[in-house]
Amino acid sequence: MGMKIDIQNVRCGYKGKVVVDGFSAVLSSGGVLCLLGPNGVGKTTLFKCLLGFLPLMAGGVFVDGRDMKQFKAAEYAKVVGYVPQAHAPPFSFRVFDVVLMGRTAHLEIFAQPGPEDERIVWECLEKLEIKHLAAQVYTEISGGERQMVLIARALAQGPAFLLMDEPTSNLDFGNQARVLHTICTLAGTGLGILMTTHQPDQVFQCDADVSLLMPGYEHLSGSADDILTEETLRRAYGIDVAVLKARRREQVLRLCQPILPETRGGGRKSQVI
Amino acid sequence: MKKERLVLIGLAAALLITAFVSLTIGRYAMSPGQITAVVGARLFGGEMRPADTEADLVLFIIRLPRILLTIMVGAALSASGAAFQGLFKNPMVSPDILGVSSAAGAGAAVALLIGLSSVGVNFAAFCFGVLAVLLVLTLAQIIGRGDGALLIMVLSGIVVSSLFRAFTSLMKYLADADNKLPEITFWLMGSFAKSGGARGAVIMLSVLVLGGTPLLALRWRLNVLGFGEEEAQAMGVNVKQLRLVIIACATLLTAASVCLCGSIEWVGLIMPHIMRLLTGPDYRVLLPAAMLGGGLFMLIVDNFCRAVIPGELPVGIVTSIIGAPLFIYMLCKRRREWA
């Protein structure tokens with residue numbers, strides 16, 4: 001317990017083009033860290049580097065003090081689980097088998113998963129309350145369900161950290177909340193979670209830390225309250241944003257609302273004649 | 001899991017029965033009783049009648065090696081097709097995606113043109129097949145890195161295939177139209193008739209063991225590869241290494257098949273497909289099922305070729321005639337799988 005991923009001064013990008021530079025952040029067990037920023041600012045690139053899909057151009061990522069470059073793929077997979085965006089693979093595997101694939105890192109190269117692996121899969125399905133999906137075909141379930149299955153698959157790896165790529169994109173209002181709740185619950189059990197998102201609101205909802213990436217290799221890291229202000233969001237996204245505080249019974253809610261510029265011809269409501 | 005096991009057992013049983021029936025097919029008439037007698041004499045010793053001695057010869061020198069070879073080639077092509085389909089995340093891929101068949105054909109054409117022995121022809125075909133894949137891999141290595149590597153590999157495969165096919169045409173053009181040209185043409189049609197009897201069967205068996213065993217052992221990882229390079233890596237798979245091993249094994253299987261029997265199309269594309277309908281996409285069952293099914297299909301087609309006309313039909317023609325409409329049928333049936 002109490003592990004951390006230390007991201008130190010990393011630079012990443014593609015052949016000759018630096019996308020992110022001088023980025024630092026720390027992800028600890030039990031914490032949620034959101035990567036926030038406008039399109040094209042390098043969230044995905046950074047994410048790929050953290051998963052080892054792209055090599056770092058400078059700086060280092062240390063998992064519990066050990067440089068990620070020293071990890072073999074299987075070793076890294078046992079510590080860091082990747083949850084991609086819900087997608088449709090070309091083959092129609094059953095949900096149970098998809099989750100079972102998460103056990104690959106624990107298998108010898110020529111081995112097939114055994115009863116112990118299947119037990120762990122059932123556990124993960126149970127934890128996410130999707131046991132009823134086990135026998136269904138992955139390509140035929142809904143987007144929200146697929147996202148849950150992918151989370152279950154990452155959990156089956158038995159990792160200390162989850163890296164989630166826009167886990168709520170393409171989901172409806174209710175499913176977004178469900179997935180977000182799952183993320184908070186998992187963090188509560190001691191997992192450290194890094195997720196990219198396009199919605200500043202979610203940072204408040206998870207009571208998470210945030211790294212706000214801004215154009216020009218700039219980034220701000222800290223708690224949601226400190227970092228997400230009207231000023232910083234305006235600088236990051238180039239629009240006018242209201243950060244509001246609302247009270248509902250005993251709860252204090254914080255929310256971010258973009259303010260659209262006035263359009264010609266009066267208000268936004270259509271006129272009733 | 002139960003249904004899957006039944007499919008495997010059913011396929012194995014069908015294969016055994018068909019193999020036995022196949023022994024009776026051919027110009028030299030043999031009853032099942034006679035076959036049992038001859039096999040019994042071989043296994044447990046004992047006297048053979050003169051008629052049985054002849055039957056013994058036909059059975060063990062001609063039919064049995066051919067039947068075994070046919071089954072093994074079917075299994076090899078089907079396994080290699082299934083493996084490539086997983087590797088390229090695409091159920092439309094066939095074993096010659098990287099140019100093995102076209103190149104092996106070119107190799108055989110050259111060897112036939114300069115008048116090498118049948119062993120020489122087999123060897124040249126095999127070497128050209130492997131050479132083509134090395135060429136494709138080198139091209140892909142030079143041009144594509146990262147995400148696009150697979151696509152570059154497929155495109156390089158198309159280019160290399162086309163190049164070798166042109167080379168084959170050139171050989172045909174240069175060939176003497178009276179004897180060399182027909183020889184080359186017949187070779188390219190694919191047939192088990194000149195596959196070298198017992199020698200061919202032994203070669204194919206060793207190749208099947210050498211290339212098939214690693215594929216079977218890695219079949220769980222083929223599942224994981226189906227989710228793409230990044231996800232597979234994040235699940236702990238050394239993707240580059242795994243990819244090379246799979247390509248090496250599948251190439252070995254295809255090249256050996258083509259060099260012994262000429263190019264036999266569609267089997268490696270269709271059999272994994274049909275089996276996927278029966279067993280689902282899980283390679284733990286799919287790969288063995290595809291091998292059994294491929295062997296069974298190849299054997300039935302070859303029996304048909306042997307039985308239907310006296311001179312025997314080239315098997316490659318029949319697989320194409322059966323394969324094309326079958327594939328269209330499956331396209332209609334399982335469209336959504338590729339959506």
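How many salt bridges are there between chain A and chain B? The count is 3, where a salt bridge is a side-chain nitrogen of Lys or Arg within 4 Å of a carboxyl oxygen of Asp or Glu.

## Basis of the report

The structure is a predicted model, in which local features need pLDDT of at least 70 and side-chain atom pairs count only at pLDDT 80 or more, while totals for chains, interfaces and linings use all residues. Residues are numbered from 1 along each chain as its sequence is written, chains are lettered from A and ligands numbered from 1 in the order in which they are written, and side-chain values use heavy atoms, with hydrogens and water left out.

## The interface between the chains

The size of an interface is often given as the accessible area lost when the parts come together. Chain A and chain B bury about 2,900 Å² between them, and 59% of this lies on carbon and sulfur atoms. Buried area here is the accessible area (1.4 Å probe) that two parts lose on being put together, summed over both. In terms of residues, 34 of chain A are in contact with 32 of chain B, contact meaning heavy atoms within 4.5 Å.

Lys48(A) and Glu230(B) form a salt bridge, with 3.4 Å between the closest N and O atoms. A network of salt bridges links Arg94(A), Asp97(A), Asp282(B) and Arg284(B). On the side of chain A that touches chain B, helix H2 (73-79), strand E6 (80-83) and helix H3 (95-100) each supply at least two residues. Helices (H or I, at least four residues) and strands (E, at least two) are DSSP runs, numbered from the N terminus.

## Met101(A), a buried residue

Met101(A) is located in the loop between H3 and helix H4 (115-127) of chain A. Its relative accessible area is 0%, so Met101(A) is buried; buried means under 20% relative accessible area, exposed over 50%, and partly exposed in between (1.4 Å probe, protein chains only). Neighbours within four places in sequence aside, Met101(A) is in contact with Phe93(A) and with Trp220(B), Asn223(B), Val224(B), Phe227(B) and Met235(B). The C-alpha atoms of Met101(A) and Asp117(A) are 9.5 Å apart, and the two residues are 16 residues apart along the chain.

## Salt bridges around Arg66(B)

Over all chains, the whole structure has 20 salt bridges. One of them joins the side chains of Arg66(B) and Asp302(B), at 2.8 Å from N to O. Arg66(B) belongs to helix H3 (residues 50-87) of chain B and Asp302(B) to helix H13 (residues 283-308) of chain B, so this pair ties together parts that are 236 residues apart in sequence. Asp302(B) is buried, because its relative accessibility is 2%. Arg66(B) is buried as well, with a relative accessible area of 13%.

Arg66(B) also forms a salt bridge with Glu312(B), whose closest N and O atoms are 2.7 Å apart. Glu312(B) lies in the loop between H13 and helix H14 (315-333) of chain B, so the pair ties together parts that are 246 residues apart in sequence. Glu312(B) is partly exposed, at 23% relative accessible area. Asp302(B) has a salt bridge with Arg306(B) too, at 4.0 Å from N to O. Both residues lie in helix H13 of chain B, 4 residues apart, about one turn of the helix, and both Arg306(B) and Asp302(B) are buried.

## Backbone angles in chain A

Most residues other than glycine have a negative phi. Asn9(A), which is not a glycine, has a positive phi of about 55 degrees; Asn9(A) is in strand E1 (residues 4-14) of chain A. Tyr217(A), also not a glycine, has a positive phi of about 55 degrees. Tyr217(A) is in the loop between strand E9 (209-214) and strand E10 (218-223) of chain A, and is partly exposed, with a relative accessible area of 45%.
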